[in-house]
Amino acid sequence: MTLDAQDGGLSLAGQAHAILREGVAAVQAPRLLNASALATFATGDAPCYLLAVGKAAQAMAGCAQALLAQAGVSLTRGLIVVPQGVGSSPLPADNPAPYSPAEVLEAGHPIPDAAGLAAAERVLALAHRAG
């Protein structure tokens with residue numbers, strides 16, 4: 001991408017759009033997670049628990065589960081906590097891993113609510129169980 005619009009490059013608006021696209025692409029789950037990093041923390045012999053919280057939790061959890069499966073590691077249990085209304089969103093086409101046995105929970109955001117408190121308690125319980 002050129003930043004010089006004077007010599008036939010992108011217009012300022014085009015440059016801004018290209019920068020935005022590149023920034024968004026740089027933080028997509030497949031670019032942030034890799035199998036070797038996950039394999040460091042999980043082996044096929046030990047239970048593997050997954051906790052994901054936030055707006056990107058579904059994408060990150062799906063990617064993590066797919067990478068773990070490639071490494072021969074099965075997910076024992078997982079919780080994915082997302083903002084209200086996000087839990088019913090379909091998986092991105094480039095991230096089709098099923099969540100089972102992970103469960104998706106919705107919680108109030110940005111204002112905490114009872115569902116968020118219940119989700120936090122479930123996350124803590126699973127974290128304690130995982131050790």
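Val81 has Leu105, in strand S3, as its bridge partner. The model is predicted; local features require pLDDT of at least 70 and side-chain atom pairs count only at pLDDT 80 or more, while totals for chains, interfaces and linings use all residues. Residues are numbered from 1 along each chain as its sequence is written, and side-chain values use heavy atoms, with hydrogens and water left out.

Strand S2 (residues 77–83) pairs with S3 in the parallel sense through six bridges. Pairing requires at least two bridges found by DSSP. Helices (H or I, at least four residues) and strands (E, at least two) are DSSP runs, numbered from the N terminus. The open sheet contains three strands in the order S1-S2-S3, with parallel pairing. S1 (49–53) and S3 (102–107) stand at the edges with a single partner strand each, so one side of each has no neighbour in the sheet. Neighbouring strands are turned by 15° against each other on average, direction ignored.

Helix H4 (residues 57–70) packs on the sheet and touches S1, S2 and S3. Contact means heavy atoms within 4.5 Å. The direction of H4 makes about 155° with that of S2. Helix H5 (residues 114–130) lies across S1, S2 and S3, at about 155° to S2. Axes are lines fitted to C-alpha atoms, for helices over the stretch in contact; angles between N-to-C directions run from 0 to 180 degrees.

The largest nonpolar core has 16 residues. Such a core joins buried Ala, Val, Leu, Ile, Met, Phe, Trp, Tyr and Cys residues through side-chain atoms within 4.5 Å; buried means under 20% relative accessible area (1.4 Å probe, protein chains only). Leu50 and Ile80 have the most contacts inside this core. H4 gives the most to it, with six residues.

Key
Buried < 20%, exposed > 50% of the residue type's maximum accessible area, 1.4 Å probe, protein only.
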